[in-house]
Every structure is written in C-alpha cells, then in structure tokens.
Amino acid sequence: QVQLVESGGGLVQPGGSLRLSCAASGFRFRSYAMNWYRQAPGKERELVATISSTTSTYYADSAKGRFTIFRDNAENTVYLQINSLKPEDTAVYYCNYRDVYGVMYWGKGTLVTVSS
C-alpha cells in the first residue's frame, strides 16, 4: 500500500527557510517522479515542483529561484527546500506521485505559515 507522509511545516517569518520532507513507502520510489503541490486558503491546488527518476526538475514560476526539490532514494524521501519565504507561500504543501496506471497518490499535507 502506498503511503506518503509529509513533515517539516510550521510557522516561519518572511525571509526564513524551511525544508519539507515526504517519506514514501509502498512502491519502488527510485523509479518514479515525485511532485510537490500546495494549496493556499481559497485557492486551487497547484503544482510547485517535480523531480524525475533521473533527477530532472521542474518548478512553477512562483517557485523558481527560491524552491529546490531533491530526493534521497536510499531513504525513499523527497524534499522541498524553501528559501526567502514570503507570506504568499502560506499553504498546505502536499507530496504526490502518479503510478503507471495514472492513479494519483497524495499525502495528508503539511502546513506552512509565513507571517511576522
């Protein structure tokens, strides 16, 4: 059974940094692309970053320059490093992957609140 468990969120001041983690299990982690999404209050869930099985990356325009996605296949963990946090980064951040059948799997999310 697939399980994705996010952690690392919390309250941080503008300009600060956080590293979010997603621990994955139940599938061959190293073979799959992994994604981070976020959903701010009152807004649609949006894709923030993707990392492929070969570590190719994609970032949304809002994330470029401040966000870094990386993975540790030995630990079945994907990370999202967020620097220079802005209030508009406040959201629930979700880990996600799509299996070979196109089924999407989600974690429960971790809340990032950026406020002074």
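1. Let's start with the cysteines. C95 is buried, at a relative accessible area of 0%, and this is a predicted model, so keep that in mind throughout. C22 is buried as well, with a relative accessibility of 0%. The two residues form a disulfide, with their sulfur atoms 2.1 Å apart. The count for the structure comes to 1 disulfide.

2. What does that disulfide join? C22 sits in strand β3 (residues 18–25) and C95 in strand β9, so the link ties together parts that are 73 residues apart in sequence. If you care about the geometry, the angle about the S-S bond is -80 degrees, and the link of C22 and C95 is left-handed.

3. On to the charges. Side chains of opposite charge can pair when their charged atoms come close. How many salt bridges does the structure hold? There are 4. The points below go through some of the residues involved.

4. With 0% relative accessibility, D89 counts as buried. Its side chain meets that of R38 in a salt bridge, at 3.0 Å from N to O. D89 lies in the loop between β8 (77–82) and β9, while R38 is in strand β4 (residues 34–39), so this pair ties together parts that are 51 residues apart in sequence. R38 is itself buried, with a relative accessible area of 7%.

5. D89 also has a salt bridge with R66, where the N to O distance is 2.7 Å. Here the loop between β8 and β9 (D89) is tied to the loop between β6 and β7 (R66), so the bridged parts are 23 residues apart in sequence. Widening the view, R38, E46, R66 and D89 are linked in a network of salt bridges.

6. Is R66 buried or exposed? Its relative accessible area is 13%, and the cut-off for buried is under 20%, so R66 counts as buried. You'll find R66 in the loop between β6 (57–59) and β7 (67–72). The side chain of R66 also makes a polar contact with the side chain of D89, at 2.7 Å.

7. Which residues does R66 touch? Leaving aside residues up to four places away in sequence, the list is Q81, I82, N83, S84, L85, K86 and D89.

8. K64 forms a salt bridge with D61, and the closest N and O atoms are 3.3 Å apart. Both residues, K64 and D61, are exposed. For contrast, D89 is buried, and R38 is buried too.

9. Last, the nonpolar surface. V100, Y101 and V103 form a nonpolar patch there, with about 370 Å² of accessible area together. Where is Y101? It lies in the loop between β9 (91–98) and β10 (104–106). Y101 has a relative accessibility of 74%, and exposed means over 50%, so Y101 counts as exposed.

Definitions and conventions:
Residues numbered from 1 in each chain as written. Predicted model: local features only at pLDDT ≥ 70, side-chain atom pairs only at ≥ 80, totals over all residues. Heavy atoms only, no water. Helix = DSSP H or I, 4+ residues; strand = E, 2+ residues; numbered from the N terminus. Buried < 20%, exposed > 50% of the residue type's maximum accessible area, 1.4 Å probe, protein only. Polar contact = N/O pair within 3.5 Å; in protein donor to acceptor, adjacent residues only side chain to side chain. Contact = heavy atoms within 4.5 Å. Patch = residues over 30% accessible without salt bridge, like charges linked within 9 Å, V, L, I, M, F, W, Y side chains within 5 Å. Areas by Shrake-Rupley, 256 points an atom, 1.4 Å probe, with all protein chains shown as cover. Disulfide = S-S within 2.5 Å.
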